[in-house]
Every structure is written in structure tokens, then in C-alpha cells.
Amino acid sequence: KNNQIQVIMKNQYFNRTPMELLLVLSYLEQDSVIQVDYSHYSYVYDALILNKLNDISNKESSSASMYKTILQNLAYSIYSDRLNNDYFDYDYLLNIIMDYRKRYPSFRLKVDTIIDKLEEHRFIEKVGDTIYRFRFYYMYYYFISSYIKESLPPDEKSRMIEDIFYNIHQDVNYNVTLFLAYSLNFEYEVLPLVRKYSRELLKENKDFKYIDIKRHIQECGVCIEEKVNKIYSIPDNKDIPILSRCRMVQRDEFEETIENNEIDSIEIHRLNQDIIKIGRLVQFMGNILRNYSSKFKNESMKETIALMFENTSKLTGALLNFSIFIIDNLIKILEERKELKVESDIVIEIKKIFGEIWYDYMSIIVNMLACSLDSDVIKEVLDSYCKDHNSDFVRMTRLEYLIRISDSRLPVQEIKALFKGKEKLDIFYDLL
């Protein structure tokens with residue numbers, strides 16, 4: 001551990017404060033699946049792994065290359081084979097090493113000697129009698145990404161990177177993208193993929209704008225009243241035969257719905273995946289903005305910010321539709337128990353629930369986006385974007401962003417502007 005600290009401090013990869021040092025060390029020591037911003041300390045990880053390869057090889061380039069290639073092959077094989085919990089047994093590791101010795105000119109070290117040295121230098125660890133795993137998750141993700149970049153032929157490499165970005169909702173893929181972004185050109189290799197896949201997700205919400213929220217919520221409020229009123233309305237005698245026929249039609253439709261449940265489940269699964277993918281892509285773009293913003297131009301930075309807001313807007317539309325779906329199902333449940341409630345109480349109760357759901361959704365979305373943008377380096381470009389897209393949502397997000405990047409002084413004027421003057425916010429959850 002002392003050697004790791006010396007490498008980090010010597011290369012001045014972060015501010016030398018006790019809190020920052022503790023944060024780095026906690027990242028390095030994590031051995032469970034937690035969501036870590038690996039891009040934040042990618043230079044640290046790179047330096048530490050290269051330093052470990054120097055140590056295990058006694059600074060001999062050929063030996064270091066051998067260990068690196070074995071670890072790359074091991075990590076990529078585990079990833080490709082989707083091994084349970086990323087564990088592998090002795091025979092699996094033996095096959096990787098023997099395959100290396102067949103295909104590459106190598107040192108004639110005994111297999112057990114190679115395994116012992118990998119254990120000794122904490123690349124891998126034994127977790128059972130014959131069961132192993134990578135000692136740290138950052139090493140596993142690092143060697144997967146380095147195998148993809150260095151060992152795959154160009155066409156296969158491109159297909160693999162595209163597949164990883166397409167399935168970014170999976171934890172392992174998300175973390176591998178952070179290491180890929182460290183060495184790939186963001187403007188010409190990463191941004192086109194993010195643009196391509198983000199625009200394929202939640203297409204049905206691509207035209208949703210925050211400015212439409214007020215109208216949607218008002219319409220939903222009217223819809224709630226109409227549906228509840230319909231439940232409690234007493235039909236005239238002349239309408240009873242018509243209502244009976246309607247009930248029969250509804251039963252037929254219900255039976256059809258049961259038959260189509262499998263199709264509905266597939267669609268719901270797709271929507272859930274799209275929502276998770278959108279969230280991960282926004283998070284990924286935020287990580288890149290925060291940590292690599294000095295590597296690309298203002299135009300690309302502005303496009304990245306625009307993509308983040310665009311995808312968050314689609315996510316907002318999807319969540320609004322989902323909250324309306326929840327309310328519709330709630331009304332159906334209450335319809336079965338209407339004798340337990342007064343009609344006006346039901347309307348008030350449902351609207352209150354809808355308001356609380358929607359308020360929580362918006363709080364989460366604003367905080368998620370502001371957290372993803374959390375870097376003072378991008379402030380000038382972000383201000384330019386916000387000026388060109390002056391909606392309530394953009395202003396709320398910018399305020400949360402300013403609070404996050406402020407060291408000592410809160411953005412008092414921006415806070416006041418949200419509640420006073422011509423541009424004060426409409427508090428959407430009071431509309432109902």
C-alpha cells in the first residue's frame with residue numbers, strides 16, 4: 001500500500017488533501033460491486049497497474065508484456081464467458097496461461113510460478129481452495145478495455161465497442177466504457193456512438209419538451225376527475241342496456257389483454273431497459289465532461305451537454321407516461337372499493353399521489369443531471385447552452401449545478417430569480 005501511495009503522490013494526480021487521499025485509497029481498495037467513477041482516477045489506475053507490471057517483471061519489458069497479455073486474455077475471457085461473479089478456477093487460469101504459451105514466444109516459467117507471482121503482486125486473489133478472482137474490480141475493467149483496444153482486429157474492435165455502448169445499462173459494460181474513454185478519442189470515436197445510441201432510445205418521447213409539462217399535468221388532472229366521476233355516476237334506466245353491452249365488450253377486451261400479456265411484458269421490458277440506458281448514458285457523458293473536458297473542443301462539449309439535456313427530456317416524458325399509468329391502475333383498484341370512499345375524497349387523494357410521484361421524479365432528474373454536470377471547467381459552455389435554452393427545467397438544473405460547484409458563496413441571485421419577477425417558476429405540483 002505504501003508503494004501505491006508513493007506512486008500516486010509522486011505523479012501529482014490529485015490535490016494533496018487528506019480527504020482526497022482517503023477517497024483515492026477507498027476506490028483502490030474496493031472489492032465489491034459499487035458504482036465508482038473510474039474515469040475520475042483513470043490516470044491513477046493506469047500508473048498503478050504499470051507500476052505493478054514493472055514490479056512483477058523486475059522492470060524487464062518482455063516479462064512485463066507477458067504478464068500484461070495473460071491478464072488481458074484472462075479478463076476478456078471472463079467477460080466473454082460471463083462467468084458467475086467473475087470467479088474462475090485453477091483449470092480456467094491454467095488454460096489461459098497454456099494458450100498464451102502456445103500462441104506467443106514466452107518465458108519458460110512454470111505455470112504455478114506465474115500464478116504465485118500474480119497472487120503475490122495482488123493482481124489476483126484466491127477466494128477458495130481452487131477459486132480465484134481479480135483482486136480489484138478496477139483491474140478487471142482495465143484489462144478488458146486494454147484487450148479490446150490492443151488485441152482485437154480493427155473491425156472486431158469497432159463491433160465490440162459498439163456492442164458495449166449499446167448495452168451500457170449492464171454494470172460491467174458501463175465501467176469498461178469509462179476505461180475505454182480514457183484512451184479513445186472522445187470527439188471522433190466516443191461521441192458518435194453516444195449520439196447514435198441515445199437517439200435510438202425512447203423514440204416515442206423524442207419530441208417531449210419540458211414546456212409541455214404544465215399542459216400534460218392539467219390534462220391529467222381533468223382526466224382523473226372524469227374517470228372518478230364516471231365511477232360514481234348513476235346511469236339512467238334507459239342507459240342500462242347500453243352499459244351492459246359495454247361491460248360485455250370490456251370483458252372481451254380484457255380476455256384479449258390477457259392473451260397479449262406476453263407482448264406487453266416485452267414492451268415494458270424494452271421501456272425499462274431504455275430508461276436505464278438513458279440514465280447510464282447521461283451519467284457516462286457527465287463523467288467524461290468532468291474528467292476529460294480539457295481533451296476536447298468547446299463545440300463537442302456543447303453538443304455533449306445538449307445530448308444530456310435532450311436525453312433527460314426524453315426520460316422525463318417516459319416517467320410522466322409511467323406515472324399516468326400508475327394513476328390509471330390506482331383508479332381501477334379504487335373503483336373496486338368505491339363504497340369505502342367519498343367521490344371528492346378519491347379525486348383529492350389521487351391528485352395528491354400523482355403530485356407526489358411527479359415531484360419526486362423531477363427532483364431525482366434535476367439532481368441526476370446537475371450531478372452529472374458537476375464541474376466548474378464547463379461553466380462557460382454550460383452558461384451559453386442555458387442562455388439559448390431558457391426553460392424552467394434548464395434553470396432549475398443550472399441552479400442545482402451552481403450550488404454544487406460553489407465553494408463558499410451560494411448563487412443567491414439565481415435562487416431569487418426562480419421565485420420572483422417575470423421568469424419565476426411555475427410550481428408544477430400545485431397545478432392539481
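In the predicted model, strands β2 and β3 (residues 131-134) run antiparallel and are joined by three bridges. Within this pairing, Glu 125 has Arg 133 of β3 as its bridge partner. The two strands belong to an open, three-stranded sheet with the order β1-β3-β2 and antiparallel pairing.

Helical packing was examined for α8 and α9. Two packed helices are described by the angle between their axes and the distance between those axes. Helix α8 (residues 154-166) packs against helix α9 (residues 171-183) at an angle of about 130°, and the axes lie 9 Å apart. Angles from 65 to 115 degrees count as roughly perpendicular and those over 145 as roughly antiparallel; α8 and α9 are therefore oblique to each other. Their crossing is left-handed. On the α8 side, the contact is made by Ile 161, Ile 164 and Phe 165, and on the α9 side by Asn 173, Val 176, Thr 177 and Leu 180. Classified by residue type, this contact of α8 with α9 comprises five nonpolar and two polar residues, with no charged residues.

With a side-chain nitrogen of Lys or Arg required within 4 Å of a carboxyl oxygen of Asp or Glu, the count comes to 15 salt bridges. One of these pairs Lys 68 with Glu 150, with the closest N and O atoms 3.2 Å apart. This pair links distant parts of the chain, 82 residues apart: Lys 68 lies in helix α4 (residues 61-81) and Glu 150 in helix α7 (residues 137-151).

Notes
Residues are numbered from 1 along each chain as its sequence is written. This is a predicted model: local features need pLDDT of at least 70, side-chain atom pairs count only at pLDDT 80 or more; totals for chains, interfaces and linings use all residues. Side-chain values use heavy atoms; hydrogens and water are left out. Axes are lines fitted to C-alpha atoms, for helices over the stretch in contact, and angles run from 0 to 180 degrees between N-to-C directions. Helices (H or I, at least four residues) and strands (E, at least two) are DSSP runs, numbered from the N terminus. Angles under 35 degrees count as roughly parallel, over 145 as roughly antiparallel, 65 to 115 as roughly perpendicular and the rest as oblique. A crossing is left-handed if the near helix is turned anticlockwise from the far one by less than a right angle, and right-handed if clockwise. Contact means heavy atoms within 4.5 Å. Ala, Val, Leu, Ile, Met, Phe, Trp, Tyr, Cys and Pro count as nonpolar, Asp, Glu, Lys and Arg as charged, and the others, Gly among them, as polar. Two strands pair if DSSP finds at least two bridges between them.
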